[in-house]
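Trainee: Could you walk me through reading strands, burial and ring pairs in a model like this one?
Mentor: Gladly, let us look at it together.

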Amino acid sequence: MTNHKRMHDIPVGASLKLIRDKRTAWSWNLVAGEEVELVEIQEQPVQFKVKDKLGRTWILDSHDVELPSEKDQQETAPEAES
């Protein structure tokens with residue numbers, strides 16, 4: 001079994017971090033290091049539909065973002081009360 005992280009296993013709603021600046025024809029800008037929320041994963045080639053902090057929708061290539069770590073993907077279970 002491998003520990004390789006598949007792009008298709010990232011949960012919707014996950015936070016992705018940009019690793020390069022992105023700009024659109026409408027003069028929208030995303031800056032490297034900015035975080036966006038995953039809305040949808042699109043197939044072949046793998047692209048991410050994301051939402052920025054202003055609510056704008058973007059389509060980003062998989063090489064434009066840093067995937068969340070395994071720790072970020074795990075849900076933390078509430079502690080049991082004594």
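Mentor: Two strands pair if DSSP finds at least two bridges between them. Helices (H or I, at least four residues) and strands (E, at least two) are DSSP runs, numbered from the N terminus. Before we apply that, note that this is a predicted model, in which local features need pLDDT of at least 70, side-chain atom pairs count only at pLDDT 80 or more, and totals for chains, interfaces and linings use all residues. Residues are numbered from 1 along each chain as its sequence is written, and side-chain values use heavy atoms, with hydrogens and water left out.

Trainee: How many bridges join strand S1 to S4?
Mentor: There are three, and S1 (residues 15-18) runs antiparallel to S4. Within that pairing, Ser15 sits opposite Glu37 in S4. Glu37 in turn stands opposite Lys51 in S5.

Trainee: Then how do S4 and S5 pair?
Mentor: Strand S4 (residues 35-42) pairs with S5 in the antiparallel sense, over five bridges. Here Glu40 faces Lys49 in S5. The two strands make a hairpin with four residues between them, and Gln44 in the turn has a positive phi of about 30 degrees.

Trainee: What joins S5 to S6?
Mentor: Five bridges do, and these strands run antiparallel. Lys51 is opposite Thr57 in S6. This hairpin has five residues between its strands, and Gly55 takes a positive phi near 85 degrees.

Trainee: Is Asp64 buried or exposed?
Mentor: Asp64 has a relative accessible area of 2%, so this residue counts as buried. Asp64 lies in the loop between strand S6 (57-61) and strand S7 (65-66). Taking contact to mean heavy atoms within 4.5 Å, Asp64 touches Lys17, Leu18, Ile19, Arg20 and Lys22, not counting residues up to four places away in sequence.

Trainee: And how many aromatic pairs are there?
Mentor: Rings of Phe, Tyr and Trp (its six-membered ring) pair if their centres lie within 6.5 Å; planes under 30 degrees apart count as stacked, over 60 as edge-to-face and the rest as tilted. By this rule there are two aromatic pairs. For Trp26 and Trp28, the ring centres are 5.2 Å apart and the planes meet at 50 degrees, so the pair is tilted. The rings of Trp28 and Trp58 have centres 5.8 Å apart and planes at 55 degrees, so that pair is tilted. It links distant parts of the chain: Trp28 is in the loop between strand S2 (22-23) and strand S3 (29-30), and Trp58 is in strand S6, 30 residues apart.

Trainee: Which residues form the aromatic cluster?
Mentor: Trp26, Trp28 and Trp58 form one cluster. Trp26 is exposed at 65% relative accessibility, Trp28 is partly exposed at 25%, and Trp58 is buried at 5%.

Conventions:
Buried < 20%, exposed > 50% of the residue type's maximum accessible area, 1.4 Å probe, protein only.
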